[in-house]
Amino acid sequence: KQACRQRLAQQGVAVPRVLDVLDLDKLDEPVIIKPDDGVGGEEIYYFQAGEILPEALRNGCQDGNYVLEVFVPGAPASMSLLCYRGSAQLLAVNRQLFELRQGRGVFEGVIVNNNADQRPLLSPLAADIARAIPGLGGIVGVDFIMAESGPVVIEVNPRLTTAYAGLGESLGYNPAALLMDTFLHNSLPDVSFPGARTVPVRLAHD
């Protein structure tokens, strides 16, 4: 996550501000702590200003296993992108069913294409991300927060994400076919999805 954030920031993409481990004893604003290498919203912790961090998390931050970010208020969202050789096609803008409960992050799923009206705003961001990470290829997911100042990218997932489970139904088109066409013809397909609809994908919890 840290390497990805640094690459995006170098390209001018808005990302959360990261605190140094030296700031652990003087937290004066809400923070998020999460694994540097994690998936599915696991082990995401929220601490308010002035709270004392548990020793395990303090040690994890100092060892570089956890990332210490300033909390970005806003609506959790994601983009489903088809990427190829430094270019990207925005397939869907999704609402993330993610919330903080008692200081822990809980991910319950995604509403695919719930935020389709944001496509004009986010298409340039998708292009910026693809240029920043030209090795991205295939269908990838980008998590971001829609803050008052605009989208702030949280992370880039270079793989299929939860949204893929509802992507075909939402687009009315098989995304695997888009993927095959891209790599068979060495270019992104020229397609649009005017009839795309919202599709909920919810995770089952024990």
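This is a predicted model: local features need pLDDT of at least 70, side-chain atom pairs count only at pLDDT 80 or more; totals for chains, interfaces and linings use all residues.
Local features need pLDDT of at least 70 and side-chain atom pairs count only at pLDDT 80 or more, while totals for chains, interfaces and linings use all residues. Residues are numbered from 1 along each chain as its sequence is written, and side-chain values use heavy atoms, with hydrogens and water left out.

Colleague: How many salt bridges does the structure hold?

Modeller: A salt bridge is a side-chain nitrogen of Lys or Arg within 4 Å of a carboxyl oxygen of Asp or Glu. With that definition, the number of salt bridges in the structure is 7.

Colleague: Which residue meets Glu-69 in a salt bridge, and is Glu-69 buried or exposed?

Modeller: Buried means under 20% relative accessible area, exposed over 50%, and partly exposed in between (1.4 Å probe, protein chains only). Glu-69 has 5% relative accessibility and therefore counts as buried. Its side chain pairs at 3.4 Å, N to O, with that of Lys-34.

Colleague: Where do Glu-169 and Arg-197 lie, and how many residues apart are they in sequence?

Modeller: Their side chains meet in a salt bridge at 2.9 Å, N to O. Glu-169 lies in helix H4 (residues 164–171) and Arg-197 in the loop between helix H5 (175–185) and strand E9 (199–202), so the pair ties together parts whose separation in residues is 28. Helices (H or I, at least four residues) and strands (E, at least two) are DSSP runs, numbered from the N terminus. Arg-197 is partly exposed at 43% relative accessible area, and the separation asked for is 28 residues.
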